[in-house]
Amino acid sequence: MQSEPLPEMLAGRFRNWRASDFEKNRERYAALAANGQAPAAMIISCCDSRVLVSEMFGAGAGDYFMHRNIAGLVPPYQADGEPHGTSATLEFAVNTLRVRHLIVLGHSGCGGVRGCHDLCAGNAPELAQPESFVGSWLRILAPGYEAVRHIPDLSARLAALEKEAVRVSLRNLDTFPFVREAVAEGRLSVHGAWKNLREGELEVLDGSTDTFVAV
Ligand SMILES: [Zn+2]
């Protein structure tokens, strides 16, 4: 695949960033370049362009180690010698960077969660094809669908599934030996959260009551 010049929309925004933010923080960028990164937290979230992870947590360069995938899911531990992007990122964050916090962030109106819903309900034949990478990925959330399928109202069911996605990911995190070990040693804490895009609110999963509570 041949690389083309950047569209002016991107090149222009880059030049603006370089002239403003970069110039203002030049020393910080130089220090980070010289000393490497030591982010305090890893954030796993959906790829959705409306989820502004850096902005909502006031991130500057070097603050958070980010991983984004469709629906912000953590797959189960599967040490089969195959490439697993999310699991590799997790391993690097926990074992090498030794982040202190791990946040799994879901969000409202998630198209990935909707896709899993439709796939599990038998209404998305294109996602059921074995060659659909999206469909195969979204099956991670199938256990979540089982937990919400009884909810009669569609929008309430989808919102419940978005939160179930966070719970499924936390359960899957528990299958990674190095995550369990880091938590047991008290050097890592895990947090589940869900962002309401329309209201700008953030709800965090309370582990003791298994409910989402507004921050
Ligand atoms: Zn999403």
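Student: Does Ala71 count as buried or exposed?
Tutor: Ala71 counts as buried, because it has 29 C-beta neighbours inside 10 Å. Buried means that 20 or more other C-beta atoms lie within 10 Å of the residue's own, exposed means 12 or fewer, and partly exposed is in between, with C-beta atoms placed from the backbone. This is a predicted model, in which local features need pLDDT of at least 70 and side-chain atom pairs count only at pLDDT 80 or more, while totals for chains, interfaces and linings use all residues. Residues are numbered from 1 along each chain as its sequence is written.

Student: Where does Ala71 lie?
Tutor: In the loop between E2 and helix H4 (85–97). The labels are DSSP runs numbered from the N terminus: helices (H or I) have at least four residues and strands (E) at least two.

Student: And what is phi of Ala71?
Tutor: Near 70°, which is a positive value in a residue other than glycine. Asp210 is another non-glycine with a positive phi, about 55°.

Student: Is Asp210 buried or exposed?
Tutor: Asp210 is exposed, as 9 other C-beta atoms lie within 10 Å. Its place is in the loop between E5 and E6.

Student: How many residues are between the strands in that hairpin of E5 and E6?
Tutor: Four residues. The hairpin of E4 and E5 also has four residues between its strands, and there Gly200 takes a positive phi near 70°.

Student: OK, the sheet. What is the order of the six strands?
Tutor: E2-E1-E3-E4-E5-E6, in an open sheet with mixed pairing. Two strands pair if DSSP finds at least two bridges between them.

Student: Which strands stand at the edges?
Tutor: Strand E2 (64–69) and strand E6 (211–214). Each has a single partner strand, so one side of each is left without a neighbour in the sheet. The twist averages 25° from one strand to the next, where axes are lines fitted to C-alpha atoms (for helices, over the stretch in contact) and angles run from 0 to 180 degrees between N-to-C directions.

Student: How many bridges join E1 to E2?
Tutor: Six, and the two strands run parallel. Cys46 has Asn69 in E2 as its bridge partner.

Student: Strand E3 and strand E4: in which sense do they pair?
Tutor: E3 (residues 101–107) and E4 (residues 189–196) pair in the parallel sense over seven bridges. The bridge partner of Leu105 in E4 is Ala193.

Student: How many bridges join E4 to E5?
Tutor: Four, and here the strands run antiparallel. Asn196 has Glu201 in E5 as its bridge partner. Strand E5 (residues 201–206) and E6 also pair in the antiparallel sense, over four bridges, and Val204 stands opposite Val213 in E6.

Student: Switching to helices. Which residues of H5 are buried?
Tutor: Gly112, Val113, Gly115, Cys116, His117, Leu119 and Cys120. That is seven of the ten residues of H5 (residues 111–120), which is mostly covered.

Student: What covers the buried residues?
Tutor: The cover includes strand E1 (41–46) and helices H6 (125–128), H7 (133–138), H8 (142–148) and H9 (154–173). Two residues are in contact if their C-beta atoms, placed from the backbone, lie within 7 Å. Just after H5, Gly122 takes a positive phi of about 80°.

Student: And H1, what is its count of buried residues?
Tutor: Zero among its 17 residues, so to speak hardly covered. H1 (residues 8–24) reaches 23 Å from its first C-alpha to its last, close to the 24 Å expected at 1.5 Å a residue; the expected span is 1.5 Å times one less than the number of residues.

Student: Where is the kink in H1 centred?
Tutor: On Arg18, with a kink of about 35°. The bend at a residue is the angle between axes fitted to the seven residues ending there and the seven starting there.

Student: What does the domain assignment give?
Tutor: Domain 1 (1–36) and domain 2 (37–214); the bounds come from an automatic or database domain assignment. Their C-alpha centres lie 29 Å apart. The contact takes four residues from domain 1 and four residues from domain 2.
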